[in-house]
Amino acid sequence: MLVYQGSKAQFVQDVLAEYNSWSNSLRYMKDAVDTPDIPDGCGVAIEYNVPLTSKRVDFILSGRAADGTGVANI
């Protein structure tokens with residue numbers, strides 16, 4: 001189950017707009033990613049289920065390196 005997916009810019013806006021409905025941990029993650037060092041077009045995925053397993057990843061940032069290679073930071 002994927003709980004949220006969108007860009008960093010949209011994630012920051014959504015957290016601010018729905019501040020009271022998000023758990024405390026997401027507010028801290030919003031603060032962590034709301035930096036000019038992380039591009040606004042960077043992807044954000046929350047509660048990503050790893051296919052063919054029962055495992056999940058809590059928070060993923062994704063994007064492209066300068067050479068165009070896909071990158072994900074977990």
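Modeller: The largest pocket is lined by Asp-37, Ile-38, Pro-39, Gly-41, Cys-42, Leu-61, Ser-62, Gly-63, Arg-64, Ala-65, Val-71 and Asn-73, where a pocket is an open set of points on a 1 Å grid over the protein atoms alone, with a 1.4 Å probe fitting at the points and protein on both sides within 12 Å along at least five of seven lines, and a lining residue has an atom within 4 Å of a point. This is a predicted model, in which local features need pLDDT of at least 70 and side-chain atom pairs count only at pLDDT 80 or more, while totals for chains, interfaces and linings use all residues. Residues are numbered from 1 along each chain as its sequence is written, and side-chain values use heavy atoms, with hydrogens and water left out.

The volume of the largest pocket is about 160 Å³, taken as the space filled by probe spheres set on the grid points, which are joined across faces, edges and corners. Two elements, S3 and strand S4 (70-73), each give two or more residues to this lining, and S3 supplies the largest share, four residues; strands are DSSP runs of E with at least two residues, helices are runs of H or I with at least four, and both are numbered from the N terminus. By class, the lining holds six nonpolar, four polar and two charged residues (Ala, Val, Leu, Ile, Met, Phe, Trp, Tyr, Cys and Pro count as nonpolar, Asp, Glu, Lys and Arg as charged, and the others, Gly among them, as polar).

Two aromatic pairs are found in the whole structure, a pair being rings of Phe, Tyr or Trp (its six-membered ring) with centres within 6.5 Å, stacked if the planes are under 30 degrees apart, edge-to-face if over 60 and tilted otherwise. The ring centres of Phe-11 and Phe-59 lie 5.8 Å apart with the planes at 70 degrees, so this pair is edge-to-face. Because Phe-11 belongs to helix H1 (residues 8-17) and Phe-59 to strand S3 (residues 56-64), the pair ties together parts that are 48 residues apart in sequence. Both Phe-11 and Phe-59 are buried (under 20% relative accessible area, with exposed over 50% and partly exposed in between, for a 1.4 Å probe and protein chains only), and together with Tyr-4 they form one aromatic cluster.
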